[in-house]
Amino acid sequence: MYVAERVRGGLVGLLVGDALGVPYEFHPAEALPPLEQLEMEPPPGFARAHAGVPPGTWSDDGAQALALLASLLAQGRLDLADFAQRLLAWRMRGYMAVDSRVFDVGVQTHRALEALARGVPPAEAGPAEERANGNGSLMRVLPLALWHRGSDEALVQDAMLQSNPTHRHPRARVCCALYCLWARYELLGLAQAWEKAVSTLEALLPEASAERSELDRHVRPRDNPPVQGSGYVVDSLHSARWALEQGSGFEQVVRLAISLGNDTDTTACVAGGIAGIRYGYGAIPARWREGLRGQALYQGLLEQLLQAAT
């Protein structure tokens with residue numbers, strides 16, 4: 001499969017997964033419709049989340065991912081100051097949000113953006129306490145892996161750094177790094193991409209570092225823990241991994257991600273990005289690609305990204 005097909009699939013898969021999961025957010029797994037009925041427009045009678053948001057609309061996940069991509073393309077590198085300003089523009093003016101409407105802001109991200117607005121440096125703005133390990137930096141990081149042409153070590157460092165403006169705890173930073181390596185090896189078409197990513201990250205993180213301790217003690221990437229589709233960054237990563245392992249195609253993967261309930265948009269976003277890379281853009285159902293709103297927001301960025309990738 002051509003790299004361009006995988007890159008296109010990754011970015012659009014992220015946005016489609018996010019939009020598909022939006023109506024089902026906050027519902028427990030047992031309250032969701034059957035798997036085959038999980039569509040952008042839920043079945044009649046379902047009490048959809050964000051009832052005023054039209055079907056096919058991505059949430060904060062997609063908007064922040066596009067803000068990161070726009071920053072990378074404009075600056076030619078990871079520029080935290082520029083990225084932080086785009087995050088503030090998203091929060092205050094709806095930058096990269098469909099209809100310029102912001103309807104879902106995580107608690108930790110809200111705190112961090114308030115700090116950024118007060119002038120706290122982006123590398124220090126994100127909460128760093130253990131309970132501040134939501135999935136807000138994981139959900140947006142995939143464009144970095146799609147764009148990056150540096151070494152694995154450089155990708156890991158950038159993935160962790162982009163987490164800092166909103167999520168500064170080493171656990172969240174490590175999850176971002178592992179996800180980016182996983183995406184990179186999927187782009188290369190490796191059959192054991194997750195396992196390769198784990199081995200690479202273990203080799204790159206010094207054994208005495210806080211990040212290595214978090215990887216070994218909390219992320220535990222060689223384990224298969226129970227998954228709940230929650231907003232906790234480790235569960236979010238493992239929930240996406242579970243969906244990829246259980247599913248056999250883009251459509252099934254994102255539906256399985258949503259079937260876990262709870263933080264459905266982010267679980268499907270994280271899983272959908274990897275599924276889009278693995279199966280390619282053409283594997284994303286046309287009804288979902290065409291039903292995605294706000295396409296003018298990402299199409300130009302995608303073409304720039306494809307030029308950089310080929």
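**An aromatic cluster, its core and a pocket**

Tutor: In this predicted model, ring pairs join Tyr179, Trp182 and Trp194 into a cluster.

Student: How are the rings of Trp182 and Trp194 arranged, and why is the pair called that?

Tutor: Their ring centres lie 5.0 Å apart and their planes stand at 90°, so the pair counts as edge-to-face, given that planes over 60 degrees apart fall in that class.

Student: And where in the chain do the two sit?

Tutor: Trp182 belongs to helix H8 and Trp194 to helix H9 (residues 193-204), twelve residues apart, and the pair links distant parts of the chain.

Student: Are Trp182 and Trp194 buried or exposed?

Tutor: Trp182 has 2% relative accessibility and counts as buried, and Trp194, at 6%, counts as buried too.

Student: Okay, what does Leu237 touch?

Tutor: Leaving out residues up to four places away in sequence, Leu237 touches Leu138, Cys175, Leu178, Tyr179, Trp182, Trp194 and Val219.

Student: New topic: how much space is in the largest pocket, and which residues are closest to its centre?

Tutor: The largest pocket holds about 300 Å³ of space, and among its 19 lining residues the closest to the centre are Gly106, Val107, Asn135, Gly231 and Asp263.

Student: What classes make up that lining?

Tutor: The lining of the largest pocket has ten polar, six charged and three nonpolar residues, and helix H4 supplies the largest share of it, three residues.

Terms used:
Residues are numbered from 1 along each chain as its sequence is written. This is a predicted model: local features need pLDDT of at least 70, side-chain atom pairs count only at pLDDT 80 or more; totals for chains, interfaces and linings use all residues. Side-chain values use heavy atoms; hydrogens and water are left out. On a 1 Å grid over the protein atoms alone, a cavity is a set of points where a 1.4 Å probe fits but cannot get out, and a pocket is an open set with protein on both sides within 12 Å along at least five of seven lines; lining residues have an atom within 4 Å of a point. Grid points are joined across faces, edges and corners, and a volume is the space filled by probe spheres set on the points. Helices (H or I, at least four residues) and strands (E, at least two) are DSSP runs, numbered from the N terminus. Ala, Val, Leu, Ile, Met, Phe, Trp, Tyr, Cys and Pro count as nonpolar, Asp, Glu, Lys and Arg as charged, and the others, Gly among them, as polar. Contact means heavy atoms within 4.5 Å. Rings of Phe, Tyr and Trp (its six-membered ring) pair if their centres lie within 6.5 Å; planes under 30 degrees apart count as stacked, over 60 as edge-to-face and the rest as tilted. Buried means under 20% relative accessible area, exposed over 50%, partly exposed in between (1.4 Å probe, protein chains only).
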